[in-house]
Amino acid sequence: MPELPEVETVRRGLQPVMEGAKILKAEARRPDLRFPFQPDFVARLKGQVVTGLGRRAKYLMADLASGDVLLMHLGMSGSFRVVKPDNEAAPGEFHYPRGKDSTHDHVLFRMSSGADIVFNDPRRFGYMKVIARNALDDEPLLRGLGPEPLGNEFDAAMLARSCEGKTTSLKAALLDQRVVAGLGNIYVCEALHRSHLSPRRIAATLATKGRKGAGGGEPTDHAKRLVSAIHTVLNDAIKAGGSSLRDHRQTSGELGYFQHSFKVYDREGEKCTTPGCGGTVKRFTQNGRSTFWCPKCQK
């Protein structure tokens, strides 16, 4: 499942051809993806100018001049590609040549910028929905999402407050989208390693003990290190175009290459990269997901 850096990479790839352009044609080539398309899905998009293209957690959000918002989720295998009239391509070092089989091209947007934006999704776990901007707060898909990990409001104090009293593991807490939005298995493993915190650590240890307002509930050094590591890992991954393990591609067809910078994820049996550690990366199953960590330097 694409995580925040992969979705942000896609947003940046679509922005130049989508933002400020009019949707001249919208085409849904099947009745559903993960969920059925709304009966008026195409009608609410055609002729609308995209006034802004943003991201919330793992969702892409295109603001339309009508006051609607096009909500888009990549699912497990969804990808966008930008097709220009001259078929120009800008392959990079990790370019992945896309196949010409259009069987899984399920949605098309023809933009006044001269580009066709095609959504391809072999597994059909992605989805799209048009929502009125003034109804976003009540949208079930978005309601209850926690703060953006790269937003100004997300800091050690906020994370400590969210984790105070939680008896779940630290990894489980970070994967809870109500605690922080957009993090997934890869970047939680990486952030925990860089902050030298065990994925098995109790989440409540990010906050000091005691009554709130009387020395309790304040962020510990653990919380401060973890927030710093989350910021660093996410920003580095975005610069690298995300991580391409199976399905993720940038809109140009290029692979992301942050997987070449993994410290622990998918490195079971390899030496820990922490200077002076000398430990070995281990893997175990936690909440149904593979957790990678170094037992020697993550406490």
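Me: In strand 6, which residue is the bridge partner of A28?

Reply: The partner of A28 is V107, which belongs to strand 6 of this predicted model. Strand 1, residues 23-28, and strand 6, residues 105-111, are antiparallel to one another, and five bridges pair strand 1 with strand 6.

Me: With which other strand does strand 6 pair, and over how many bridges?

Reply: Strand 7, residues 116-120, also pairs with strand 6 in the antiparallel sense, over five bridges. Within this pairing, R110 stands opposite D116 of strand 7. Strand 6 and strand 7 form a hairpin with four residues between the strands. In that hairpin, G114 has a positive phi near 95°.

Me: Why are R11 and E8 separated by about one helical turn?

Reply: R11 and E8 are three residues apart in helix 1, which covers residues 4-18, so about one helical turn separates them. Both R11 and E8 are buried.

Me: With which other residue does E8 form a salt bridge, and how far apart are the closest N and O atoms?

Reply: E8 also forms a salt bridge with R55, where the closest N and O atoms are 3.1 Å apart. E8 and R55 are both buried.

Me: Which residues are linked in a network of salt bridges?

Reply: The network of salt bridges links E8, R11, R12, R55, R56 and E148. Two of its pairings have been described above, that of E8 with R11 and that of E8 with R55.

Me: In the salt bridge of D176 and R178, are the residues buried or exposed?

Reply: The side chains of D176 and R178 meet at 3.0 Å, N to O. D176 counts as buried because its relative accessibility is 16%, below the cut-off of 20%. R178 counts as exposed because its relative accessibility is 62%, above the cut-off of 50%.

Me: Where is K46 found, and which residues is it in contact with?

Reply: K46 is found in the loop between helix 2, residues 41-45, and strand 2. With a relative accessibility of 53%, K46 counts as exposed. Leaving aside neighbours within four places in sequence, K46 is in contact with I23 and L24.

Me: Where does UniProt place the feature "active site"?

Reply: The UniProt record, an unreviewed entry, places this feature at P2, E3, K58 and R289. P2 lies in the segment before helix 1 and counts as buried, at 12% relative accessibility. Apart from residues up to four places away in sequence, P2 touches V7, K58, L74, G75 and M76; K58 is also among the positions that UniProt lists.

Me: In which strand does R289 lie, and which residues is it in contact with?

Reply: R289 lies in strand 10, residues 289-293. At 41% relative accessibility, R289 counts as partly exposed. Setting aside neighbours within four places in sequence, R289 is in contact with K171, N185 and F284.

Me: How many helices and strands does the chain have, and what percentage of its residues count as buried?

Reply: The chain has six helices and 10 strands. Of its 299 residues, 50% count as buried. Among contacts between residues at least 6 apart in sequence, 67% join residues at least 24 apart. The accessible surface of the chain comes to about 13800 Å², and carbon and sulfur atoms account for 48% of that surface.

Methods. Residues numbered from 1 in each chain as written. Predicted model: local features only at pLDDT ≥ 70, side-chain atom pairs only at ≥ 80, totals over all residues. Heavy atoms only, no water. Buried < 20%, exposed > 50% of the residue type's maximum accessible area, 1.4 Å probe, protein only. Helix = DSSP H or I, 4+ residues; strand = E, 2+ residues; numbered from the N terminus. Pairing = 2+ DSSP bridges. Salt bridge = Lys/Arg side-chain N within 4 Å of Asp/Glu carboxyl O. Contact = heavy atoms within 4.5 Å. Areas by Shrake-Rupley, 256 points an atom, 1.4 Å probe, with all protein chains shown as cover. UniProt positions renumbered as here; feature names shortened; annotations may be inferred.
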